[in-house]
Each structure stands twice: as C-alpha cells, then as structure tokens.
Amino acid sequence: MSRNRDTHCPLTLGLLAVAALSIMSLATPAVAQTAPAQTAWRLLDYIAVDYPEAVADGKIANAGEYAEMQEFSATAAKLIGELPTSSARAGLERQAGNLQRIITAKAPAPAIATAARGLAADLIKAYPVPLAPTAAPDLARGKALYAQHCASCHGATGKGDGPQARGLDPAPIAFADEARARERSVFALYQVIEQGLDGTSMVSFADLPPQDRWALAFYAGSIAYPESEAGKALWDGDADLRKRLDLEKLVGTTPAALGTQVGDDKARQLMAYLRHHPEATIAVEAAGTLVLARSRLDDALAAYGRGDRKTATDLALSAYLDGFEPVEAVLSARDNALMVRIEGAMADLRAGIAKGEPVATVKDHVATLDGLFADAETALAPSEASATSSFVAAFTILAREGLEALLIVVAMIAFLSKADRRDMLPYVHGGWVAALVAGAATWAAATWLIAISGASRELTEGFGGVFAAIVLLWVGIWMHGKSNADAWQRYIRDTLSKALNRRSAWFLFLLAFIVVYREVFETILFYAAIWEQGNGGAVIAGAVAAVVLLAVIAFVMMRYSRTLPIGKFFAYSSALIAVLAVVLIGKGSAALQEAGYLPVTPWPGLPRSELLGIYPTRETIVAQLVMVALLVAGFLWNRRSAAKTEGTPA
C-alpha cells in the first residue's frame with residue numbers, strides 16, 4: 001500500500017494540476033454576460049446620433065436611413081430580450097418597445113435621442129461593461145492606426161472622402177463634422193471600432209489590443225476639435241471640474257451633454273484639450289478620487305432600492321474590482337490599516353446585499369465606504385508620494401510575496417539534495433525560472449497588449465493559491481510520514497527510484513511554476529501601480545533590498561538543511577509546509593471571494609493577518625479549519641502507521 005500510494009500520487013496530482021489550470025484559463029468573473037449589452041448600446045447610440053438624417057418634421061427624409069433606424073431598434077430590442085435574466089430586464093424591454101413605437105410614429109429627433117440615450121444609460125447600469133481604458137491612450141499611436149486602417153474610407157482629415165469611400169452606402173462617417181461629433185462619445189466610437197457595424201462597410205477591429213482601440217477612438221473623436229490652449233486654461237483653473245470629469249466621464253460624455261453643464265463654448269474648448277490630452281484626467285485619478293468606485297456604489301444602492309439584488313451585487317463587486325482594487329497596492333503601502341478597513345467594509349456591503357438587509361442598512365454601508373474613500377483620496381494624494389513610502393512599498397511587497405514561494409522552492413531543492421536526486425533539480429529550477437519569464441511576459445502584456453482586470457488578478461491568485469494548498473497538503477503529510485529515519489531508509493530502498501520518475505519531475509516543474517508565478521503575478525501588478533506614482537529610484541532600491549533579504553533567507557535555509565539529520569529535516573519541513581498550506585488556502589479563498597466566486601459572510605471580532613492568510617469571514621476560516629483537520633488527520637495516521645511498523649503503541 002505504501003509503495004502504491006507514493007508511486008501514483010504524483011500522477012493524480014499532476015492530473016489535478018492540469019484540471020486546475022484548465023479552470024483558471026476558462027474562468028470568468030461572476031458578473032452578467034456583457035457582449036450583447038455592448039452591441040445593443042452601440043445600436044442605441046447610432047440611433048440617437050443618426051435619426052435626424054432619417055426623419056424631419058414628422059416625415060421620412062431618407063428612406064434608407066429610416067429603414068436602418070427601424071432595423072437597429074428592432075435588433076437592440078431583440079438583444080435586450082436575450083440578456084441574462086434580471087429584475088431590470090423587463091423595464092429595459094419596455095423602453096426598447098417604446099423606442100420602436102416612437103420611431104414608427106416618426107417622432108421628433110430630440111424625443112428619439114432622449115429615449116435612446118436613456119435606454120442606453122439604464123442598460124449599462126443593469127449590465128456593467130468596461131467604460132474606460134486602464135491608462136491614458138497614446139494619441140500618436142491612434143493617429144498612426146487611423147492612417148493605416150481608417151483614412152482610406154474616412155479620409156486623411158476625417159471628412160469621409162477617402163479614396164475607397166465612393167459608392168459606399170451608407171457613406172463613411174465624417175469625423176470632422178462637429179455637428180455629428182458633438183453627439184458622439186469616445187465610448188461610442190470605441191464600441192463601433194471593437195464590434196463593427198452590421199449592414200455597413202465598417203468592420204470590427206477587435207483583433208487590435210484594447211489600448212490601441214482606445215487610442216484610435218480618442219484620435220477619431222479629436223478630429224472635429226482642433227487642440228485648444230483655452231481648454232487647457234479652463235481645465236487647469238477649475239478644481240471642481242477636474243474632480244467631476246475623470247477619464248471615465250470624459251470617455252462616456254458627449255460634447256453636447258457637457259455643454260448642458262458648462263455651456264457649449266466651454267464644452268467645445270474642454271473637448272478640444274482633453275480629447276488630445278486624456279492623460280490630464282489621469283493626473284486627477286492618480287490623486288485617488290476613487291470616483292468610479294463611488295459611482296458604482298451609488299448605482300448598486302439604487303438597484304438594491306428597486307429590489308434588483310443581482311444587479312446590486314454585480315455593481316458592488318465592480319466597485320471593488322474596477323474602482324478600488326487598482327489603487328489597493330499603493331494604499332496598502334501608505335496606510336495599510338485604512339486599506340484593511342475598506343476591504344472589510346466592502347465585504348460587509350456585499351454580505352448585506354446577499355442577506356437581503358433593509359435598504360437603510362445597505363445605505364449605511366455605502367455611507368461608511370464613502371467616508372473611507374474620502375480618507376483614501378487624502379492618503380493617495382500626490383503630495384503623500386515620497387521616496388520613503390515608495391521604498392517601503394516595494395520592499396514589503398516583494399519580501400512578503402516572495403517569501404512564500406521561496407520557502408516552498410527551497411524545501412523542494414533541499415529534499416532532492418537530501419534524497420541524492422540532484423538529477424531532478426533542473427526541473428525545479430526550470431519551473432521557477434519559467435515563472436519569472438512568464439511574469440515578465442505578463443508585465444509586457446499588461447503594459448502594451450491587454451488590460452488585466454481586477455477580477456482576472458483575483459482569480460489567478462485564488463485558483464493558484466487553492467491549487468498550491470491542495471498540493472502542499474499532500475506533500476506535508478507525505479514528508480511527515482518520512483520523518484522517522486527507518487521509514488525514510490525503507491522509502492529510499494523500496495520506492496524512491498520508481499516514484500521520482502520523469503512524470504514526477506514534470507510535476508515538480510509544474511508545482512514550482514504555479515507557486516512562483518502566483519506571487520510574481522501579484523508583485524508585478526503592485527509594482528506597476530507604485531511605479532506610476534514616481535520615485536522610480538526608490539522603487540528599484542526597495543526591490544533590490546528585498547531580493548537581498550530573500551537571498552540571505554534562502555542561503556540560511558539551504559545551509560541549515562544540510563546539517564540536519566534526515567528525521568528532523570522531514571519533521572521541520574512537514575511543519576513548515578503544513579503552515580504554508582493553511583496560509584495559502586486562506587489567501588486563495590479570500591481572493592475568490594473578492595472576485596465574486598465565493599460568498600462573503602463576515603465574522604466580526606476575528607483577527608486579520610495577511611501574513612498568515614487569516615481573514616475574518618466564515619468561508620476563509622472554515623477553509624483553513626478544514627485544511628488543519630486534514631493535516632492533523634494525516635499526521636495522526638502517519639504516527640499510527642509508524643507505531644504499527646515498529647511494534648509499539650500508537
């Protein structure tokens with residue numbers, strides 16, 4: 001039995017690893033499917049902008065355009081009807097039906113625009129989609145993409161007079177037409193670029209990376225608004241305006257809508273500046289306004305008040321993943337206690353929504369978070385960014401994240417050295433080196449190709465942590481069983497040469513890769529956030545100091561492990577790995593909660609320790625208690641088996 005278990009467990013765990021990786025690759029956040037909602041939103045925006053060309057004074061002005069309005073409104077209604085079930089869908093369907101009726105009745109253009117935009121706004125609230133880029137788009141890149149992909153139809157200067165425009169029906173949009181441009185947001189342009197437009201020559205450019213699509217949308221949206229110094233003066237001189245108009249608001253606001261707030265002249269000047277310089281809004285976001293998180297919470301409260309708990313849950317989750325999570329790393333470095341309070345308050349809110357607490361109670365949760373976000377804005381202000389805080393953040397993040405992976409990898413290396421199986425070491429080293437390479441690729445992809453969402457990050461951490469904890473559970477029990485010197489000698493004699501075969505070697509590679517990549521992934525995203533705050537030299541110095549500390553720890557562990565008798569080595573190693581298994585199952589469960597994959601039931605009064613993976617929620621504590629129980633049962637079984645073998649009482 002002993003030989004069977006030791007020989008086949010690596011294969012079983014290898015299959016488990018493949019299954020876990022498959023789940024990680026296929027996993028998506030627990031939120032509503034949004035592709036049909038995006039398509040419907042795009043059609044509604046098109047109707048709001050182009051209806052005046054189809055109908056004038058209650059009569060059809062262009063039969064082709066009018067037929068398009070009818071087709072697009074019918075398609076939007078159909079897509080809305082196919083969206084995932086929620087309490088908001090019935091209301092959206094009624095609005096869509098009303099839009100079809102007033103188009104059939106040839107209602108005035110303002111009425112159509114109001115109905116279409118109202119439905120589009122409610123649609124996005126009920127089925128949230130990414131509303132803004134994760135970083136300021138590069139207008140130079142957008143200009144190059146426009147020349148490459150768009151100028152042949154839309155014209156080099158955006159007048160719709162490109163060499164391939166002849167004979168196209170409908171004709172390409174003239175981006176230089178300010179009358180049309182003032183009714184279209186950058187978000188609307190992005191949607192068309194991403195999905196194309198059925199029934200027209202406009203194809204989808206979904207193959208372009210998101211940042212390229214945003215750059216192209218901003219450039220197209222800037223053509224009708226030549227750059228203006230007056231707009232810069234307005235922006236720099238109005239602090240209230242800078243607080244209200246962040247990147248998401250800039251992306252989603254039409255010049256016409258902004259004109260109703262500040263006047264058409266000011267709106268034109270502001271758009272002429274901000275669409276050419278979207279990075280100006282990023283400077284405001286870097287100060288920590290957390291506008292997106294607050295907006296999502298307000299929308300969640302409104303949805304909860306309507307009785308739509310599903311939408312309220314999605315919006316509350318989005319408030320954390322899209323609004324707070326991107327600044328979590330910087331806030332943790334500057335005021336970790338505040339970060340912990342915000343995470344706890346977010347958990348309380350989601351738990352309250354899940355339990356169906358009274359609206360007044362949920363409103364109190366939102367009010368509490370609003371106050372905490374105000375404190376966070378102060379902590380995240382540029383004036384708080386010092387070289388010392390950047391150094392401390394870089395040092396603590398790398399030291400904390402690297403220590404867990406280091407302990408596991410060093411234990412694997414020490415074990416193979418003790419077993420005189422140095423021929424397997426290249427697989428372990430290959431695993432952690434491959435993880436570092438994959439981490440560098442992740443950084444490059446997150447910088448230039450894709451936007452890594454908060455949900456993706458939490459899922460990677462969550463599934464990686466749970467998988468590693470399950471593997472360490474088995475490894476810890478196995479090592480404890482070999483802590484008796486006689487048991488180890490029998491294992492060497494009977495099993496080791498068969499157990500550590502090529503299949504096991506690749507399993508060691510996979511384990512080293514998973515545990516290291518999980519930590520590298522989180523470290524890279526944290527470092528990216530800290531780096532944007534400036535003080536690059538301090539960040540590098542903090543990283544170097546952490547690497548030196550980790551190297552010293554690794555050296556001491558390897559040196560000490562060589563002098564330990566084999567029995568003590570396995571006893572100490574099994575205890576260390578058992579602790580790490582408990583820590584990782586707690587961290588993995590917490591990450592899955594934050595991604596919306598596990599429910600959140602707060603246990604007030606319990607301590608919180610990120611170092612030990614302890615979080616005051618029922619789900620994480622129960623997961624850790626189950627892990628402890630399995631470890632204790634395994635260790636007791638080992639002791640009983642050893643006692644039977646030696647003929648002594650257990």
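This is a predicted model: local features need pLDDT of at least 70, side-chain atom pairs count only at pLDDT 80 or more; totals for chains, interfaces and linings use all residues.
Which residues form a nonpolar patch on the surface? Residues are numbered from 1 along each chain as its sequence is written, and side-chain values use heavy atoms, without hydrogens and water.

**View A. A nonpolar patch on the surface.** Trp531, Ile540, Val544, Val548, Val552, Phe555 and Val556 make up the patch. Together they have about 670 Å² of accessible area (Shrake-Rupley method, 1.4 Å probe, only the protein chains shown counting as cover). Patch residues have over 30% relative accessible area and no salt bridge, with nonpolar side chains joined within 5 Å and like charges within 9 Å. Helix α26 (residues 536–563) gives the most, with 6 residues. Helices are DSSP runs of H or I, at least four residues, numbered from the N terminus. Val552 is found in α26 and is partly exposed at 45% relative accessibility. Buried means under 20%, exposed over 50%, and partly exposed in between.

**View B. Asp308, buried without a salt bridge.** Asp308 is found in the loop between α17 (291–305) and α18 (309–334). The nearest side chain of opposite charge, Arg306, is 4.6 Å away. A salt bridge needs a Lys or Arg side-chain nitrogen within 4 Å of an Asp or Glu carboxyl oxygen. Leaving aside neighbours within four places in sequence, Asp308 is in contact (heavy atoms within 4.5 Å) with Ser86, Ser87, Ala88 and Ala303.

View C. The disulfide count is 0, taking cysteine sulfur pairs within 2.5 Å. Cys150 is in no disulfide. Cys150 is buried, at 10% relative accessible area.

Note on methods
Helices (H or I, at least four residues) and strands (E, at least two) are DSSP runs, numbered from the N terminus. Buried means under 20% relative accessible area, exposed over 50%, partly exposed in between (1.4 Å probe, protein chains only). Lys and Arg count as positive and Asp and Glu as negative; His and the chain ends are not counted.
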